[in-house]
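Good morning, and thank you for coming.

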Amino acid sequence: MKAHNEVFREDQYTYWIYALFSLIGIFLFFRYDITTIYFPVILLAAIAVIFHKLTILINSEEIVAYFNFGLFKRKMHLSEIDFSSIQKIELKWWTGIGIRYTTQGWLYNVKIGEAVRIASKDKRKVFFVSTEEFSTIKRVLSEQVNNEH
């Protein structure tokens, strides 16, 4: 999912999800009859593959975040962004990973730490994703808006 006018890209990975789900799969394998665990093991593997990578892209038109293959995606057009609303949020360990509804809006994350939260001018849309590049994202968004004017 590479945009021809991409100006920023951040790929975040979380590999511990494979270790956790492998342990759960092994537990299920030894605890239950093999014919009854196919579905749970396949479901765990699918969740791990989908949610182990989060990509944030910024191009001349929008900011986009999506998990691994783009099945779950958030995006906001640059013209919608209220730049005074861009803020860094510290995520707590109990936030978890994946897609979560929080008091700040729907969060997409693969790691605990920092997140960027951006609201639209009409306050109806929120772009809220974990990132290790908050300062760079804020700078690139500002540059893209200034380039439009």
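I shall go from the overall chain to its helices, its strands and its nonpolar cores.

This is a predicted model, in which local features need a pLDDT of at least 70 and side-chain atom pairs count only at pLDDT 80 or more, while totals for chains, interfaces and linings use all residues. Residues are numbered from 1 along each chain as its sequence is written, and side-chain values use heavy atoms, with hydrogens and water left out.

Let us begin with the whole chain. The protein chain has 3 helices and 9 strands. Here helices (H or I, at least four residues) and strands (E, at least two) are DSSP runs, numbered from the N terminus. Read from the N terminus, the order of elements is β-α-α-β-β-β-β-β-β-β-β-α. The C-alpha atoms fill a box of roughly 65 × 35 × 25 Å, taken along the principal axes. Of the 149 residues in the chain, 43% are buried. Buried means under 20% relative accessible area, exposed means over 50%, and partly exposed lies in between, with a 1.4 Å probe and protein chains only. Contact means heavy atoms within 4.5 Å. Among contacts between residues at least 6 apart in sequence, 57% join residues at least 24 apart.

I turn now to the helices. Helix α1 has 16 residues and reaches 22 Å from its first C-alpha to its last, close to the 22 Å expected at 1.5 Å a residue. The expected span is 1.5 Å times one less than the number of residues. Which residues of α1 are buried? They are Ile17, Phe21, Gly25 and Leu28. Seen down the axis of α1, these buried residues fall within an arc of 60°, so they line one face of the helix. The arc is that of the directions from the helix axis to the C-beta atoms. As a general point, an α-helix has 3.6 residues a turn, so residues three or four places apart point the same way. On the other side of α1, Leu23, Phe30 and Arg31 are exposed. Isoleucine 24 also has its place in α1, and it is partly exposed, with a relative accessible area of 31%.

What do the buried residues of α1 pack against? Their partner is α2. Helix α2, residues 38-51, has 14 residues and should span 20 Å at 1.5 Å a residue; its end C-alpha atoms are 20 Å apart, which agrees. Its buried residues are Leu44, Ala48 and Phe51. They fall within an arc of 90° seen down the axis of α2, so they too line one face of their helix. On the other side of α2, Tyr38, Phe39 and Ile42 are exposed. The buried residues of α2 pack against α1, β2, β3 and β6.

Next come the strands. An open sheet of 4 strands has the order β1-β2-β3-β4, with antiparallel pairing. Two strands pair if DSSP finds at least two bridges between them. The edge strands are β1 (6-13) and β4 (73-77), each of which pairs on one side only. Strand β2 (residues 53-59) and strand β3 (residues 62-67) are joined by 5 bridges in the antiparallel sense. Within that pair, isoleucine 56 has alanine 65 of β3 as its bridge partner. Glutamate 62 is found in strand β3. Beyond its neighbours within four places in sequence, glutamate 62 is in contact with Leu57, Lys75, Met76, His77 and Leu78.

Elsewhere in the chain, β6 (98-102) and β7 (residues 105-109) run antiparallel, joined by 5 bridges. They form a hairpin with 2 residues between them. Across it, tyrosine 101 stands opposite tryptophan 106 in β7.

Finally, I come to the cores. A nonpolar core is a set of buried Ala, Val, Leu, Ile, Met, Phe, Trp, Tyr and Cys residues joined through side-chain atoms within 4.5 Å. How many residues has the largest one? It has 29, and those with the most contacts inside it are Ile63, Ile81, Ile118, Val129, Ile137 and Leu141. At least two residues each come from several elements, including α1, α2, β2 and β3. Helix α3 gives the most, with 4 residues. A second, separate core of 6 residues includes Ile89, Ala115, Val126 and Phe128.
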